[in-house]
Amino acid sequence: MKRIAVYPGSFDPITFGHLDVIKRSACLVDELVVGVLVNQSKTPLFSANERVNMIQVATQNLSNVRVEEFSGLSVEFAKKCGAHLIVRGLRAITDFEYELQMAQTNRVIDPEIDTIFLTTSLKYAYLSSTTVREVASYGGDISHFIPEELIGTVTERVMERSPLKLNK
Ligand code: PNS
């Protein structure tokens, strides 16, 4: 039987930390489906479709990874993909409480789906999409945080949204 996992998240935008989790979890399964959540309460910087495209660019050399958008519950998305595993990254203890609660909730909803956690590589332990958006909004160098091919897209969008920060 094919071992399929989903890696759900916001990815607004994808960072080297996410990519680290994608690459490592893709080695553990036959197929990894990265799920980009559509229906968030907050307005994302990028539409789900844009986020999917950016992740596709960043993962183009990973043959067993595909990217899809989804709305609704992660467990429903996992079931739809034929996956029994949900992958999440853990950066620090501060992530743990939220992640534990989510994993336990997901198991109550569907006991057949397990969550596995990968601890993010140390060199990306500080990194989040919020950090990327914040640094970019002040015109800072984001090349340490996201793939080179995405820098222009992210910088441009952040500047459209918050052009004033640079002038302060
Ligand atoms: O990248 P994020 O924002 O930390 O990802 C959070 C995500 C998308 C995994 C989580 O919010 C989620 O699974 N949302 C879908 C609704 C759901 O299934 N919630 C879990 C039960 S509390």
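This is a predicted model: local features need pLDDT of at least 70, side-chain atom pairs count only at pLDDT 80 or more; totals for chains, interfaces and linings use all residues.
**Helix α3 and the chain around it**

Helix α3 runs over residues 74–81, and its buried residues are S74, V75, F77, A78 and C81. Looking down the axis of α3, these buried residues fall within an arc of 160 degrees, so they line one face of the helix.

What do the buried residues of α3 pack against? Four strands are on the list: β1 at 4–9, β2 at 31–37, β3 at 65–70 and β4 at 85–90. The list also includes a helix, α4, at 93–109.

Next, the chain as a whole. It has six helices and five strands, and along the sequence they come in the pattern β-α-β-α-β-α-β-α-β-α-α. The radius of gyration is 16 Å, close to the 15 Å that the globule rule gives for 168 residues, so the chain is as compact as a globular protein of that length. Taken along the principal axes, the C-alpha atoms fill a box of roughly 55 × 35 × 30 Å.

On contacts: among those between residues at least 6 apart in sequence, 74% join residues at least 24 apart. As for burial, 46% of the 168 residues count as buried.

Last, the surface and the charges. The accessible surface is about 9200 Å², and carbon and sulfur atoms account for 54% of that. There are 18 positive and 20 negative side chains, with the centres of the two sets 1 Å apart.

Technical notes:
Residues are numbered from 1 along each chain as its sequence is written. Side-chain values use heavy atoms; hydrogens and water are left out. Helices (H or I, at least four residues) and strands (E, at least two) are DSSP runs, numbered from the N terminus. The radius of gyration is taken over C-alpha atoms; the globule rule is 2.2 Å times the number of residues to the power 0.38. Buried means under 20% relative accessible area, exposed over 50%, partly exposed in between (1.4 Å probe, protein chains only). Contact means heavy atoms within 4.5 Å. Accessible areas come from the Shrake-Rupley method with a 1.4 Å probe; for residues, only the protein chains shown count as cover. Lys and Arg count as positive and Asp and Glu as negative; His and the chain ends are not counted. The place of a charge is taken as NZ of Lys, CZ of Arg, CG of Asp or CD of Glu. The arc is that of the directions from the helix axis to the C-beta atoms.
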